Amino acid sequence: MKGTFPIHKFRELETPFYYYDTNLLRHTLDTIRKEAGKYNKFCVHYAVKANANPKVLSIIRESGLGADCVSGGEIKAAIKAGFPANKIVYAGVGKTDAEINLGLDYDIFCFNVESVPELEVINELATAKGKIARVAFRINPDVGAHTHANITTGLAENKFGISMKDMDHVIDRALEMNNINFVGLHFHIGSQILDMGDFTALCNRINELQEKLYARQIIVEHINVGGGLGIDYAHPNRQPVPDFASYFETYHKHLKLRPQQTLHFELGRSVVGQCGSLITKVIYVKQGTNKQFAIVDGGMTDLIRPALYQAYHKIENITSDEATETYDVVGPICESSDVFGKAIDLNKVKRGDLIALRSAGAYGEIMASGYNCRQLPQGYTSDELV
Ligand code: LLP
């Protein structure tokens, strides 16, 4: 089924551009609020890395989520969009001094710390400012996720986090430091995860680690389980809202929290993925030796996921009802990986038709680049295009 798009408005805009359906975004946010709200002390942050379009951010902020940031730039974007600093968490393996100072100046909720050298620098910078930094340790749980190899993060071989065997030592170091307040444990096993069993495996691992800490009379204030809930890219009738009910229920059922502990989530893709489409225009239809190409004005610089991860995005000709034909849909970039889809059935395509790449709200606009001296795509919301 094709989406309902304001085609007449699209015709006035320079392509390619991102289009965000704000009704779907708000509905998704309402669903998150409802499903997470069933459980006491579930606290959801939005992973800004998925999409930092200011209009999208401000709708998410209105819904009351916190922000999960991975750079000083993201902290600034979150603050600008109105996220309260005490709902900002900051992760990342390579935080610079300037970025740490920014987090300290804003008094953000928590630094998710990924190594001892980083902990030492945070302590030093906090001391210089006369502040106490709240920190959680990102522990690498060595739990695999059934997803693309480039987006698993919780395996021992990945660069992220502190290994489980070092956890006690790192906590000891933190407890010795005057300007560090150790408040939590942080985990993240990967992205685009649809098998709830992966999250159950994470819960089991966290339960084991918590047991070890209880034995030392340590009960942290919060556990942060990262993000990772997947979305339905491929199904012919894509489910517009991810399965938040099963996701939160899995954690409720399998994670053993102490009454005083809160549980934090950092959801990115599942919040914004389905509401966004890349809209691009057909420049030429070209007959190749044994196939036809629909050559569009958007390319891997605008949406890199197909080229980088062989990711599938549903492709639709939103301006034609003619009988379908089969096309390779390709962009104008000088790279042979600049292909959005091969052997795709589309309503017959002609020059000037508009093509939508669906489920592109997450890791789409934000990953755009200027390669080939191209302009970055604009992002518009349905609120603006009425
Ligand atoms: N928390 C941490 C520590 C993360 O590293 C990530 C994503 C998230 C939360 C949010 O995960 P989500 O809920 O969106 O799955 N560019 C890739 C995805 C990279 C994800 C990186 N980390 C893609 O286009 O598929």
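## Where H2 meets H3

In this predicted model, helix H2 uses Thr22, Leu25, Arg26 and Leu29 to meet Val56, Ile59 and Ile60 of H3. Sorted by class, this contact of H2 with H3 holds five nonpolar residues, one polar residue and one charged residue.

Two packed helices can be described by the angle between their axes and the distance between those axes. For H2 and H3 (residues 54–62), the angle is about 30° and the axes are 10 Å apart. Angles under 35 degrees count as roughly parallel, so H2 and H3 are roughly parallel to each other. Their crossing is right-handed.

## Where H2 meets H9

H2 also packs against H9, again at an angle of about 30°, and here the axes lie 9 Å apart. H2 and H9 are therefore roughly parallel to each other. The crossing of H2 past H9 is right-handed.

Which residues make this contact? On the H2 side they are Thr31, Ile32, Glu35 and Ala36, and on the H9 side Phe244, Ala245 and Phe248. By class, the contact of H2 with H9 comprises five nonpolar residues, one polar and one charged.

## The buried face of H9

Helix H9 spans residues 244–254, and its buried residues are Phe244, Tyr247, Phe248 and Tyr251. Why do they line one face of the helix? Looking down the axis of H9, you would find these buried residues within an arc of 85°, so they line one face. Two of them, Phe244 and Phe248, are also part of the contact with H2.

H2 is one of the elements covering the buried residues of H9. The cover also includes strand E2 (42–47), helix H8 (196–215) and strand E10 (262–267).

Is Asp243 buried or partly exposed? A residue needs 20 or more neighbours to count as buried; Asp243 has 19 C-beta neighbours inside 10 Å, so it counts as partly exposed.

To place Asp243 relative to another part of the chain, pick Leu263, which is 20 residues away along the sequence. The C-alpha atoms of Asp243 and Leu263 are 19 Å apart.

Note on methods:
Residues numbered from 1 in each chain as written. Predicted model: local features only at pLDDT ≥ 70, side-chain atom pairs only at ≥ 80, totals over all residues. Buried ≥ 20, exposed ≤ 12 C-beta atoms within 10 Å, placed from the backbone. Helix = DSSP H or I, 4+ residues; strand = E, 2+ residues; numbered from the N terminus. Arc of directions from axis to C-beta. Contact = placed C-beta atoms within 7 Å. Axes fitted to C-alpha atoms, helices over the stretch in contact; angles between N-to-C directions. Parallel < 35°, antiparallel > 145°, perpendicular 65-115°, else oblique. Left-handed = near helix turned anticlockwise from the far one by under 90°. Nonpolar A, V, L, I, M, F, W, Y, C, P; charged D, E, K, R; others polar.
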